[in-house]
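Open the structure in your viewer and keep the selection tool at hand. Each stop below names what to select, then says what is there.

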Amino acid sequence: MTSATLGVRRGRAKGSPLARRRRRVFGPFLAPALILYTILFMLPTAYSFYASFTSWDGFSNPRWKGTLNYDHLTHDPAFKDAFFNTLKLLFGCGIFLFVLSFAFMLLLREMKGRRFIQGFIFLPHIVSGVALAAFWDFLLNHDGMLNKGLHSFGLGPVDWLKPQWQFNAILIAIVWINTGYYVTILMAGVDRIPPYYYEEAKLAGTNSWQRFRHITLPMSWDVVGTAAVLWTIGTVKIFEFILAFSGSQGNLPTTNQWTSAMYVYGETIGGTSPIYDFGRACAGAVVTLVAVVVVVVVLRRVTSRDRLEL
Amino acid sequence: MSTATTGSRAESAAQDPESPAAAPAGRRRVPWARLPGAALIWLFVAFCAFTFLFILLSSLKSSYNVLNHPFRLPTELKFSNWSKAWHDGGFGPAFVNSVVVVVAAAAGTVLLASPAAYVLGRNQNRLSGGVSMYFVLGLGIPMQIIVLPLYSIMAKMHLIDNLAGLIVLYIVVNLPFTVYLLMSFFASLPGELEEAAALDGVGPGMTFWRIMLPLAKGGLMTALTLVAIACWNETFLALMFLQTNDNFTLPLALVNFLTQQQFTGEDFGVMFAGVSIAVLPMLALYAWLGRRITEGLTLGAGK
């Protein structure tokens with residue numbers, strides 16, 4: 001390991017006995033995690049970039065075919081659906097989720113039992129998406145609970161899961177699952193605002209709206225930015241809820257419900273008649289990763305600038 | 001690299017759960033102005049409570065009653081749903097698989113991550129900063145980009161449809177977060193004991209195992225818990241790498257059960273018993289270690 005020897009050599013050069021001892025174990029302590037992570041995480045990432053330019057079934061050797069996979073993606077309705085649905089989740093769902101979470105956070109700060117509530121609404125975040133999908137399906141099904149409830153008020157059954165609504169049902173469920181998590185993150189950020197800011201502002205005769213506008217909001221930009229980055233990374237992982245909610249009889253959901261992760265699964269080994277187009281699926285994954293990187297960089301720019309204006 | 005500040009911040013946040021001063025005191029708005037908001041929050045809370053109560057109660061009802069009287073309490077407790085789910089629905093073996101995978105993956109991840117996090121957290125130089133960044137990079141890489149080359153590797157090593165193979169993958173994908181989490185814990189520990197140990201001539205390996213690890217017990221517990229939760233619920237990799245029912249973990253057993261139901265007719269009581277088997281351990285864990293879980297999961301936002 002070159003990094004290890006480097007660490008040791010530096011350690012010999014300078015430092016207290018403690019620092020020297022610590023540096024002696026630097027390599028051996030780091031190596032197992034670093035090697036495993038490199039071989040089974042970073043190299044596969046790099047390999048996906050390469051494979052996206054090849055024709056590959058996952059078993060035989062990939063054959064170079066230039067940018068054909070990417071050309072194909074631009075005409076592939078399944079990929080377009082998957083990509084735009086991911087964007088819909090990222091921005092549509094995201095804006096709604098953040099407004100809701102921010103509002104809940106502000107309200108909770110002034111409510112009794114805030115710890116209890118905060119802990120409670122966190123719950124959906126730590127249970128299986130498949131389990132929640134089973135519940136959600138039972139809720140919205142034609143014979144489901146919501147229609148049973150409506151029926152007892154004499155209202156007719158509503159087809160909540162008709163094709164043009166089904167993805168919206170998913171969006172709402174995703175907001176529900178994540179609200180508690182983002183409330184907690186935002187709360188932790190706002191809790192860090194020094195209380196004397198509020199005290200001084202109050203002495204200056206401000207009202208609560210002004211304090212919100214000029215203290216809470218600008219001071220929480222930082223954590224909103226971080227939370228937005230977490231959300232961006234999180235959205236492209238959304239998979240099992242949709243699979244369990246919209247898939248039927250062993251088939252994958254129809255492509256208009258697909259997301260980026262579903263595309264990778266569907267174009268390779270998923271479904272009743274797998275396609276094994278690993279090359280094209282890699283290209284799809286690369287496009288997703290690039291989109292994530294772009295969004296994260298832009299988010300970082302935007303939020304750090306706003307913070308500086310303060 | 002600001003690992004040190006992350007750690008101390010995380011710690012101070014942990015020590016300061018609810019200082020009354022932290023709330024923007026003295027917003028003396030009229031209470032009724034906030035009422036719609038508070039009502040909305042309680043509605044949300046009620047829906048969350050309803051979800052889990054409904055799942056648990058329905059697991060004890062007959063399919064007919066779940067479907068036709070969803071809001072009624074169970075009249076008789078049908079524990080046979082649970083035994084049906086456990087024996088015939090495939091949830092029993094899946095539960096055992098899940099436990100094996102979760103325990104092995106969580107222990108393996110922490111075993112690998114903690115020495116690495118220790119040297120990265122306590123050495124502040126450019127090399128450790130660079131390596132830390134290299135691990136943090138993994139936090140932003142979605143699973144779908146690594147999964148296909150991994151599939152090819154695992155196929156060559158005959159580790160497809162193999163629980164040991166899945167455990168290795170779970171360890172790898174949880175490394176970035178766990179290293180990141182533990183790094184800030186180790187960085188926040190006081191240095192005196194370590195220095196004293198060095199003066200007494202205790203070797204660096206021994207210092208780590210005997211002194212620093214016990215000190216970081218809280219962090220290790222958090223890491224174990226979070227990896228366990230992540231693996232218990234993980235579906236995408238399991239779906240990619242497991243093929244036969246005998247190897248299924250709980251999320252796959254549930255997906256499989258939902259699919260089967262669509263062919264063989266639906267038994268909602270048994271379905272919710274299966275859902276409960278997947279959900280209940282997480283609820284119990286959360287009841288036990290709730291604060292640790294929420295703080296650990298939101299630590300990433302403190303950077």
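The tour goes through annotated spans and then charged side-chain pairs in this predicted model.

**Stop 1: a domain in chain A**

Select residues 83-299 of chain A. The UniProt annotation, from an unreviewed entry, gives this span as "domain: ABC transmembrane type-1". Colour the span by secondary structure: 72% of it is helix and 0% is strand.

**Stop 2: transmembrane regions in chain B**

Next select residues 131-151 of chain B, where the chain is 76% helix and 0% strand. Here the end C-alpha atoms are 26 Å apart.

**Stop 3: salt bridges**

Side chains of opposite charge can pair when their charged atoms come close. How many salt bridges does the structure hold over all chains? There are eight. The next stops visit some of them.

**Stop 4: a network in chain A**

Select Asp76(A), Glu267(A), Asp277(A) and Arg280(A), and show their side chains. Salt bridges link these four residues in a network. Within it, look at Arg280(A) and Asp277(A), whose side chains form a salt bridge of 3.1 Å from N to O. Are these two residues buried or exposed? Arg280(A) has a relative accessible area of 16%, under the 20% cut-off, so it counts as buried. Asp277(A) is buried because its value, 15%, is also under 20%.

**Stop 5: Lys84(B) and Asp267(B)**

Select Lys84(B) and Asp267(B). Their side chains meet in a salt bridge with an N to O distance of 4.0 Å. The pair links distant parts of the chain, 183 residues apart: Lys84(B) is in helix α4 (residues 80-87) of chain B, and Asp267(B) is in the loop between α13 (250-264) and α14 (268-298) of chain B. Lys84(B) is partly exposed, with a relative accessible area of 40%. Asp267(B) is partly exposed as well, at 22% relative accessibility.

**Stop 6: Arg122(B) and Glu194(B)**

Finally, select Arg122(B) and Glu194(B). Their side chains form a salt bridge of 2.9 Å from N to O. This pair also connects distant parts of the chain, 72 residues apart: helix α5 (residues 91-122) of chain B holds Arg122(B), and helix α9 (residues 192-199) of chain B holds Glu194(B). Both Arg122(B) and Glu194(B) are buried.

Methods:
Residues numbered from 1 in each chain as written. Chains lettered and ligands numbered in written order. Predicted model: local features only at pLDDT ≥ 70, side-chain atom pairs only at ≥ 80, totals over all residues. Heavy atoms only, no water. UniProt positions renumbered as here; feature names shortened; annotations may be inferred. Helix = DSSP H or I, 4+ residues; strand = E, 2+ residues; numbered from the N terminus. Buried < 20%, exposed > 50% of the residue type's maximum accessible area, 1.4 Å probe, protein only.
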